[in-house]
There are 4 protein chains.
Amino acid sequence: MIHFKTDYMSGACEPVLRKIIETNNENTAGYGADPRSKHAASLIKEACGLPEESVVFFLVGGTQTNATILDTMLYKGHGVLCTETAHINVHEAGAVEETGHKVLPIADKAVDSEGKPTGKMRPEALLLWLKMFYSDDTYEHMVNPSVVYLSQPSEFGTIYSLKELEQIRAICDEYGLYLYIDGARLGAALAAEGNEVTLKDLSRLCDAFYIGGTKMGALLGEAVVMPDPKLLRHVITFIKSHGALLAKGHLQGVQFEALFTDDNYYKIGRHEVELAMLLNKGLKEKGYKTYINSPTNQQFFVLPNEVIDRLQKVATFELWGPRREKETPVRFVTTWSTTKADVEDLLAAI
Amino acid sequence: MIHFKTDYMSGACEPVLRKIIETNNENTAGYGADPRSKHAASLIKEACGLPEESVVFFLVGGTQTNATILDTMLYKGHGVLCTETAHINVHEAGAVEETGHKVLPIADKAVDSEGKPTGKMRPEALLLWLKMFYSDDTYEHMVNPSVVYLSQPSEFGTIYSLKELEQIRAICDEYGLYLYIDGARLGAALAAEGNEVTLKDLSRLCDAFYIGGTKMGALLGEAVVMPDPKLLRHVITFIKSHGALLAKGHLQGVQFEALFTDDNYYKIGRHEVELAMLLNKGLKEKGYKTYINSPTNQQFFVLPNEVIDRLQKVATFELWGPRREKETPVRFVTTWSTTKADVEDLLAAI
Amino acid sequence: MIHFKTDYMSGACEPVLRKIIETNNENTAGYGADPRSKHAASLIKEACGLPEESVVFFLVGGTQTNATILDTMLYKGHGVLCTETAHINVHEAGAVEETGHKVLPIADKAVDSEGKPTGKMRPEALLLWLKMFYSDDTYEHMVNPSVVYLSQPSEFGTIYSLKELEQIRAICDEYGLYLYIDGARLGAALAAEGNEVTLKDLSRLCDAFYIGGTKMGALLGEAVVMPDPKLLRHVITFIKSHGALLAKGHLQGVQFEALFTDDNYYKIGRHEVELAMLLNKGLKEKGYKTYINSPTNQQFFVLPNEVIDRLQKVATFELWGPRREKETPVRFVTTWSTTKADVEDLLAAI
Amino acid sequence: MIHFKTDYMSGACEPVLRKIIETNNENTAGYGADPRSKHAASLIKEACGLPEESVVFFLVGGTQTNATILDTMLYKGHGVLCTETAHINVHEAGAVEETGHKVLPIADKAVDSEGKPTGKMRPEALLLWLKMFYSDDTYEHMVNPSVVYLSQPSEFGTIYSLKELEQIRAICDEYGLYLYIDGARLGAALAAEGNEVTLKDLSRLCDAFYIGGTKMGALLGEAVVMPDPKLLRHVITFIKSHGALLAKGHLQGVQFEALFTDDNYYKIGRHEVELAMLLNKGLKEKGYKTYINSPTNQQFFVLPNEVIDRLQKVATFELWGPRREKETPVRFVTTWSTTKADVEDLLAAI
């Protein structure tokens, strides 16, 4: 069986696993107060061009991170703007609502020059939503937004340009909104062909974002970056009240130490993207149509159902939505453990 | 100034006010344990054809009622299905999300035979949503529904036929969902031409619904009907924990006693609907187009902006959404205190 | 039957009822935007010595008010300090916890010079709690306080001196805490012999407090006073999201207009307290012992169980806690509708 | 430096670390659907004497587990009974309240035959609380309990006897309460001298309990045992909505596979307890007094402040509450990585 189902099919990448083993017997303070977590935070601040007084800390998983950080940033009774396909709107089991906040999806079918969906929030669509909202006489009876949520790359593997993010930031400033970016697969965006948006750009443009570990070679862990230290009061208590404080916080620290040493985080991204592009090229050569044009580690193609049936005997991958009558969109994901042979085997089997 | 802005512009209708005055000096137990509340509950059970052991109790307002009752009916981590224009989705300031539950709007543009929007949930659309949801491999990561929310009349003043409600009930049974109906303006639906759905039908088809008082001649108060007494454990405590238990519950009791005596509740509905139809006929005769075809006390017309500007000098009414370039939909509402002269004056002024 | 059970046994006092009747047919905007509510807010600001830009608005009931306002004032993940016997800790069915916040009772048995419990928070006990809390190495894993909750009068009918409130305010300032006072029975405190604390003092010392209407002659309604207008963002939306926005807000406005005209609010308080003192004197003369020394409209005595049994045949009143073996504390409450004859009849019957 | 501060100072014990390394390159389904998690669940069911259809699943940490499982078991608006010193009441930053539920501590100073505090819930105290609660006329306005929370061992390291648990279970049955046991350090209780309570007993007596991994040699992970499969609807969705679903669930599975193979879980417990007893004996021989008599891996002694100051230069340990004037209770914890030499060094240094 060859695996293209998710980014979290196998354990830790080699440098991460090695670091875990090497430091296993260190005696450390719990809950992220250990020297490894502090060092990892420093490495990340450096990569982000942020001063030492900015805030970087570690949470366990993506849904937990989104729900916890958004709960910090949302005024009481306020909501978070996002795309209809945003992870927080569809695939987090209502974790944001569980904290009392409404997710406010902007209905907009953004497409690229080929007419393929991008899954991105268009600045124009955001601006229009806000204008319409505040021109409605009854808006005081409606959930007011206080945060914009994006993900880089988006759920569809596409990436925001620097200009798009700057436009969205300007709109946020105009309307008094925070900007938060979910970077579960940020390493793949950083490695994508044509990407212009660096960690430093994100640190300049966002009020908070996270650098995903789980989907980038760690066993678990997401690094939250908050450039403004005043945004979060009582970090430890707040995280703990969300059940999100890992006792052996050292485990998160050593993994991000490994990822932010020797460019490992970038190397993993490049590895994933290279193999994804190889797969993309191979499938196109075989005449299959992309469902979405993604430059990152998720590839979306429309396959005839009989091809899907045959392929499922030798490979794992996801149907992208319910099965359709004749052909169905599917998603292939590459990860740190995917090999060139895996891609070649998949292409041979199709 | 003539008033068509809302159903809650003026105080209590005459029989309600009289009862409040007459009983003002009665000494009663608080929190709904008074004899008036018990009597009112009995009158309502009788009107609904329900046995004495079923549950009827009183809350203060509509948003409070929706949020409290849905919180009772929703399994933890589950959501409530509704239309995109449902009051709980748009105009309740996120009160359902405040209790930790996601509102799940079904994207569907239901129209009538003239192509006008109905604002209703089509049984076919509900069924399709459920089929698609459970055929998605990732549904365990998505908010599962456990309640269907409708309103009778709908936000657009339209009413469900008996057949539609029976179809929706059957789908609820198939998928293990509760059915809850918001009856903020239920009296207007009961009085609408062509209405087939009685209180007895609602009691048979719903797991809970409420009979609106605030918008039907009371100062405040909504009567919640729960045919199955086992659905709600510790009624008093649950209501109190939502801040929804009125100390002088007697006030709710006497008002519903008045409304369910001498057919007052139905009379108010008929009064509202008759005047609404008079207004509808007059506006059509003047050549204005309906925006929505409503047989109840809300009337929706598309008016040229210059007519709107002129009319706003003599009458109150609502723009239905943001102002458009040339003409804008508006809403006129009749209530217990609206008079025939008010309607005639409006028609004369337009 | 003579009634001493609660402060909300009968309807509205005469001036309130008259005003409701007189203004019943006024056509008004909903949700508190009506001229009556605005006028009532102005009258209250004047009584409090507050400038027009401060915030006064109306909610329906006490539990709702406490839960809603505390949810505004509490930082996320923070808690509210109070006495063990505080209404929010015991008798509000967990409404504060329902909004996600922990109630932090301070264990302290405050007694007066006769050794009778006062139910008040001693400034020394508050200060000690805070010192102990922040000297605990693990405090980051514990719920940090951000508000102090008091009630005036307390649950035990006792009142805070000006000095006590000033000391508590100073401690709040030192520790960065908001001060919130529940004034469900505030009129009785204002009328108590020896009371030094005026509405102006409360406005100067509190970040928010409420002037109770329900227990002071209104059908319902509590007036929230927030001296600092910046404390609450989007008042209407926030209240609505808690299901606490009354559609016919005019009803709250006219009642507080009546209460804050002709000194009615103070007159009701004086009436209640005078009769309470008459009862207190009469019971003491008959040799019964006070359980608590209360100068307000709640009187607490320890009665032999056989007296209780006999008295329950002619009067309503509450056992103060579970029945004990031989004698049990009971509570008698006077209200706007209590008469001198009621008190004399009770004393005669005992 | 020698370490006695917490049970989570160092990484994974040897068999756990080995298993993580060995299985790192397995390709698995995410979110606990992997074969390792299933196998680990089977091993635990076997150890508990439970049939295959009962439910065992894995969460990341203790606070998360308590908040998530209690949110499942608590009826809406209900609360959880526990001791005043319970972890959920003191050291979880309000995570239970964050889900909308009140923690109901039972005020009771349970002591052993030497007068030392036990930190346990006495069956008599529980029964008395319930009797008093339901004999209070106002109990409908108070948070009703629906779960009893214990921990084995307790926060004070003491253990419940089989008889005590059976008595508490009988009270739960009488009052319709669930019984939930927090087993963060369960391995230490199983290994304690005099312990009578096995995993099979817990499975028979509890509605849910968890077998702690984090504090028993794992990097992270707690195994939740729910004998009755009907108690939890939609396990995956519910866990995800609490942000508690680990993407690489395989990591939890392999660790519990390791812990429940070759008696490793019991061996770790015995190791911890043996060293704790060695420490206990040594400190007593040196004339120090126990603060609590604990037969498990936490040892509580009262030390003179000057001894504490000296000892803090060579060892880590916790003050048990704020520092007192002359002598202060302290806690020493042994864990899988503690060695006999560590204990001897500590005793030598004191």
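Between chain D and chain A of this predicted model, about 3,600 Å² is buried, and carbon and sulfur atoms give 58% of that area, buried area being the accessible area (1.4 Å probe) that two parts lose on being put together, summed over both. Within the area that chain D buries against chain A, D:Tyr8, D:Asn24 and D:Lys248 supply 19%, more than any other three residues. Chain D brings 42 residues to the contact and chain A brings 42 residues, where contact means heavy atoms within 4.5 Å.

Zero salt bridges are counted between chain D and chain A, a salt bridge being a side-chain nitrogen of Lys or Arg within 4 Å of a carboxyl oxygen of Asp or Glu.

Chain D can be laid on chain A with an RMSD of 0.0 Å by a turn of 180° and a shift of 0.0 Å along the axis, superposed by least squares on the C-alpha atoms of residues with pLDDT of at least 70 in both. The two copies are thus related as by a two-fold rotation axis. Since 100% of the interface residues of chain D are also interface residues in chain A, the copies meet through the same surface.

Helix H7 of chain D, residues 162-175, has 14 residues and reaches 20 Å from its first C-alpha to its last, close to the 20 Å expected at 1.5 Å a residue, the expected span being 1.5 Å times one less than the number of residues. Helices (H or I, at least four residues) and strands (E, at least two) are DSSP runs, numbered from the N terminus. The buried residues of H7(D) include D:Leu165, D:Ile168 and D:Cys172, buried meaning under 20% relative accessible area, exposed over 50%, and partly exposed in between (1.4 Å probe, protein chains only).

In chain B, strand E5 (residues 145-151) holds B:Tyr149, which is buried with a relative accessible area of 2%. The side chain of B:Tyr149 makes a polar contact of 2.7 Å with the side chain of B:Asp182.

Residues are numbered from 1 along each chain as its sequence is written, and chains are lettered from A and ligands numbered from 1 in the order in which they are written. Local features need pLDDT of at least 70, side-chain atom pairs count only at pLDDT 80 or more, and totals for chains, interfaces and linings use all residues, while side-chain values use heavy atoms, with hydrogens and water left out.

Definitions and conventions: Polar contact = N/O pair within 3.5 Å; in protein donor to acceptor, adjacent residues only side chain to side chain.
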